[in-house]
Amino acid sequence: MRLLLVLVTLIVIGAIKLPVERDLAVIHRQEHFRGVEFNLDLREKLGQLGFIAALSGFRAIVADGLFIQAHVAWERTEWSRVLLLFRHVTTLQPRSILFWDMAAWHMAWNASVAAMNDRAQPRLALRVKAQREYFALGKDFLERGIKNNPDRPQLYEALARLYKEKYKDHERASEFFAKSAALPGAPRYEKRFSAYELSYCEGREREAYERLRQIYDEGEKERLPTLITRLKFLENKLGIPQDQRIPDRAP
Amino acid sequence: MSNETVVAARHRGVSFSRVLAITVNTLTELTRLKVFYVLLVFALLLIGSSIFMAQFTFQQEFQILKDISLGAMSIFTSLLAIIATARLIPQDIEDRTVYTILAKPVPRFEYLLGKIGGVLLLLAISTVVMSAAFLAVLYIREQSVLHMTLRQMSSAPREQVDDTLRAVRSSGLNLDLFPGIIIIYLKACLLAALTLFVSTFATTNIFTIVVMAFIYFIGHLQATAREYWLQEHSSGWITHVFLAIVALLFPDLQAFNLVDDIVAGTAISLGVFLKTAILGAFYTTIYTLLAVFVFYGKEL
């Protein structure tokens with residue numbers, strides 16, 4: 001009788017706490033906690049043991065273990081394993097900027113260079129193809145990272161660098177530097193970098209000039225050598241009247 | 001007023017001194033079991049992982065150090081909560097201590113409150129010691145990285161140095177870790193109270209530990225079951241009833257796993273912290289009360 005009463009009490013309390021727990025879960029999701037869905041897809045990716053560990057509240061430790069394995073695979077230049085492990089790591093810890101950034105860096109910088117220098121592949125066309133595929137993998141990591149962390153500037157900056165250095169796409173690079181600069185906690189140089197990249201874009205020189213000039217007018221602290229060089233280049237290209245140009249630096 | 005009435009009046013109601021005596025006694029008993037060796041293992045884990053991580057960058061090193069330390073704190077406090085509590089009542093029955101205590105004018109609820117108080121105190125001491133060790137290691141590593149960075153960047157522009165130092169500080173020791181640690185403690189308290197409740201109707205401590213292991217896993221899945229139960233309509237009624245039972249009877253332990261995301265850089269708001277803390281305190285109180293209720297009906 002007593003146990004039956006306890007069971008009824010537990011069910012009644014359960015009914016009371018249910019909306020509270022649901023409400024808390026919704027707030028957690030809104031504030032970017034509990035970003036991982038525990039489903040069969042994750043179970044297949046992690047294996048039995050990893051899944052159980054992740055399920056028991058040790059998701060971060062499992063992610064770290066896999067990250068260390070990825071680090072070892074990188075030292076051995078086992079690129080497919082690095083890719084696979086980083087996919088698991090980022091699935092487990094989607095709020096960790098570091099993991100997305102490292103995954104993208106390994107793919108777009110390290111694996112792509114290794115693919116280009118692959119002596120086992122004599123055909124240049126195939127080496128270039130492999131290199132482009134690694135660029136795309138790096139880009140994919142960063143885009144998914146941004147989707148999971150739209151409020152933090154670091155991955156926008158990483159994607160901007162990837163567009164700048166790997167795709168030589170200055171327009172997209174400028175766009176992502178600007179997106180990063182608009183977020184709280186972004187370093188001051190993001191705004192400058194966005195304008196630099198825009199200055200390389202055909203047809204957008206006027207816009208770039210105005211942005212660089214605005215930064216220049218903000219004060220002495222912003223008048224860095226690259227900024228002055230780009231401004232002078234644009235002044236010549238746009239034919240800015242002499243009286244509106246910035247002064248030459250004293251020798 | 002007769003002498004008997006005076007004695008009865010003196011022992012009526014709640015006596016905090018009696019509860020405190022049982023609490024201190026329980027803590028002493030648990031300490032004699034050398035449970036604090038767990039802290040030694042924790043310290044070794046911290047030192048070991050710090051040495052191992054020398055080859056990583058400071059961000060990787062700090063993140064892994066925090067993950068391992070907070071994960072280990074969560075494992076050790078949960079294990080301590082379950083194992084220490086599971087043996088309390090069966091051991092007292094076996095040693096016949098419970099008869100000696102309850103033969104005196106000590107109400108059963110005071111006995112249980114004292115017992116759970118002892119475990120919660122043990123958990124608090126363990127959490128404080130582990131946190132102190134973890135924060136000390138993290139602080140030392142952060143200071144060492146800061147000094148190294150200053151030395152390496154001595155000729156760099158001031159703005160760059162400031163940016164780098166800011167990056168080091170933001171990935172090292174920060175205030176967001178403290179609410180995470182408190183939530184770990186509250187989760188352990190919840191588990192201790194639940195173990196006490198299970199142990200009031202269990203016959204052996206092995207049974208209690210096995211049941212608690214199942215509850216631990218089910219509790220981490222409860223949120224998934226709850227969402228499936230409340231949202232899905234295509235599954236059969238047996239599945240529906242099963243999911244309802246899981247959602248209603250078990251606590252949502254995933255709600256207390258905030259440290260993973262805190263380490264990853266998500267700041268915990270005061271609202272989330274308070275709601276989670278209140279939920280933890282609510283569960284601890286309810287399970288303790290249920291344990292008292294069952295214990296009153298137990299034949300001793």
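Colleague: What is the confidence of chain B, and where in chain B is it lowest and highest?

Modeller: Chain B averages a pLDDT of 84, and 92% of its residues score at least 70. The lowest mean, 54, belongs to helix H1(B), residues 3-10, whereas helix H9(B), residues 177-201, has the highest, at 94. Where pLDDT is low, the predicted coordinates should not be read in detail. For the complex, the predictor gives an ipTM of 0.74 and a pTM of 0.81.

Colleague: How do you describe the secondary structure of chain B and of chain A?

Modeller: Chain B has 13 helices and zero strands, and its elements, from the N terminus on, read α-α-α-α-α-α-α-α-α-α-α-α-α. Chain A comes to 10 helices, again with zero strands. The C-alpha trace of chain B spans about 90 × 55 × 35 Å along its principal axes.

Colleague: What makes a residue count as buried, and what percentage of each chain does so?

Modeller: The cut-off is 20 or more other C-beta atoms within 10 Å of the residue's own. By that count, 42% of the 300 residues in chain B are buried, and in chain A the figure is 39% of 251 residues. As for sequence separation, among contacts in chain B between residues at least 6 apart, 83% join residues at least 24 apart, while in chain A 46% of the contacts with a separation of 6 or more are between residues 24 or more positions apart.

Colleague: Why are H7(B) and H8(B) called roughly antiparallel?

Modeller: The axes of helix H7(B), residues 108-152, and helix H8(B), residues 158-171, cross at roughly 165° and come within 10 Å. Angles over 145 degrees count as roughly antiparallel, and the two helices are therefore roughly antiparallel to each other. Their crossing is right-handed. The contact is made by Glu142(B), Val145(B), Leu146(B) and Thr149(B) of H7(B), together with Thr164(B), Leu165(B) and Val168(B) of H8(B); by class, these are four nonpolar, two polar and one charged residues.

Colleague: How many residues does each chain give to the contact between chains A and B, and which elements of chain B take part?

Modeller: The contact takes 43 residues from chain B and 37 residues from chain A. On the side of chain B, the elements that give two or more residues are H4(B) (58-86), H10(B) (205-231), H11(B) (237-249), H12(B) (259-263) and H13(B) (270-297). H13(B) supplies the largest share of that side, with 10 residues. By class, the side of chain B that touches chain A has 21 nonpolar, 15 polar and seven charged residues.

Terms used. Residues are numbered from 1 along each chain as its sequence is written. Chains are lettered from A and ligands numbered from 1 in the order in which they are written. This is a predicted model: local features need pLDDT of at least 70, side-chain atom pairs count only at pLDDT 80 or more; totals for chains, interfaces and linings use all residues. pLDDT is the predictor's confidence in each residue, from 0 to 100. Helices (H or I, at least four residues) and strands (E, at least two) are DSSP runs, numbered from the N terminus. Two residues are in contact if their C-beta atoms, placed from the backbone, lie within 7 Å. Ala, Val, Leu, Ile, Met, Phe, Trp, Tyr, Cys and Pro count as nonpolar, Asp, Glu, Lys and Arg as charged, and the others, Gly among them, as polar. A residue is buried if 20 or more other C-beta atoms lie within 10 Å of its own, exposed if 12 or fewer, and partly exposed in between; C-beta atoms are placed from the backbone. Axes are lines fitted to C-alpha atoms, for helices over the stretch in contact, and angles run from 0 to 180 degrees between N-to-C directions. Angles under 35 degrees count as roughly parallel, over 145 as roughly antiparallel, 65 to 115 as roughly perpendicular and the rest as oblique. A crossing is left-handed if the near helix is turned anticlockwise from the far one by less than a right angle, and right-handed if clockwise.
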